[in-house]
Amino acid sequence: MKVNGLRGKSNLNEEWNHHFVLGYTDEETVMLDFDSTSFKTVRYWASRAMKWFKLEGFIILRSSLNNYHVIFNRKVSWKENMHIVAWVGLLCNNPMLEKWFLMQCIKEGSTLRVSPKREKPSPRIVFRHGKEEDQVKNFLKYRELTKNIIRKLKAD
Amino acid sequence: MYIINFAETVLNTNAKEGKTPMVKQIAIYGTYEAKVPVFQRYWKRRIDGVKQRYWKKTTRMKKVVESGRYEFHGKGKDLYKAIIKALQIMPKGFVDVSAIKFLKKPEKYGYEGEWVEREVKS
């Protein structure tokens, strides 16, 4: 399946010469990081998790080729958050997701990248489904804030 | 009056349950090169006869390449200022701090250095 979303209109991805990464961390938002997975598989697992755990809605962001991030709408506790991520990680049999899950457990907060990283551009929204007024809205607000900071960093 | 009482009740409930009000943060992470002080070990015999090992900070500095992470929370302007400051001050491991506190005393949370390009996981 061909997915658009990395051909941006803004020049945000150009000239990123900083060696650090900016991300968004939250305990109450269910986030998934699918590496080396096709868009079709990501959409299937996001949809299945949403239905099973009644997560109201989700958005999918493409971070690079065959790498996707998923953010769900319903606010959950940290315990439930890790329950959901572990469920998806175990069922979809993705070792990268399992590794990411372990890292989030150590940090006690889920983090997803917002800024560009080396040759990879900022993650772009490629799919939206269901409600967006709760955690997805919060994520987009913080993402915008981070992007404004990135723009200012470039201007300085 | 009612509103103030209600707000206090909510805050007290959160404090009792051990909840932290701020859970959304901006993370800045990567690999850095910084000059850190060299620690020297020494032993001292305690009153009970056991030799206890201690560490003291020397004036010598060494260059290290490590990975670290800041987790900033706060308002937009403070976050921006904190990130600008974080370009020069490298984190001492995992630092979870409010942007205002970090801006007041950045040297408490890290060493001077610069971010370098290395493979980093989220």
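The structure is a predicted model, in which local features need pLDDT of at least 70 and side-chain atom pairs count only at pLDDT 80 or more, whereas totals for chains, interfaces and linings use all residues. Residues are numbered from 1 along each chain as its sequence is written, and chains are lettered from A and ligands numbered from 1 in the order in which they are written.

## The contact between A and B

The contact draws 22 residues from chain A and 19 residues from chain B, two residues being in contact if their C-beta atoms, placed from the backbone, lie within 7 Å. On the side of chain B that touches chain A, strand 1 (25-45), helix 2 (76-86) and strand 5 (110-116) of chain B each supply at least two residues, and strand 1 of chain B provides the largest share, six residues.

That side of chain B is made up of 11 nonpolar, four polar and four charged residues; here Ala, Val, Leu, Ile, Met, Phe, Trp, Tyr, Cys and Pro count as nonpolar, Asp, Glu, Lys and Arg as charged, and the others, Gly among them, as polar.

## The largest nonpolar core

The largest nonpolar core holds 54 residues, of which F58(A), V70(A) and I28(B) touch the most other members. Such a core is a set of buried Ala, Val, Leu, Ile, Met, Phe, Trp, Tyr and Cys residues joined through C-beta atoms within 7 Å, and a residue is buried if 20 or more other C-beta atoms lie within 10 Å of its own, exposed if 12 or fewer, and partly exposed in between. Strand 1 of chain B gives the most to this core, with six residues.

When residues up to four places away in sequence are not counted, F58(A) touches A46(A), M50(A), V70(A), I71(A), F72(A), N73(A), H129(A) and G130(A).

## Chain B and a cysteine of chain A

Chain B has three helices and five strands, arranged from the N terminus on as α-β-β-α-β-β-α-β. Of its 122 residues, 25% count as buried.

In chain A, C105(A) lies in helix 3 (residues 95-107) and is partly exposed because 14 other C-beta atoms lie within 10 Å.

Note on methods. Helix = DSSP H or I, 4+ residues; strand = E, 2+ residues; numbered from the N terminus.
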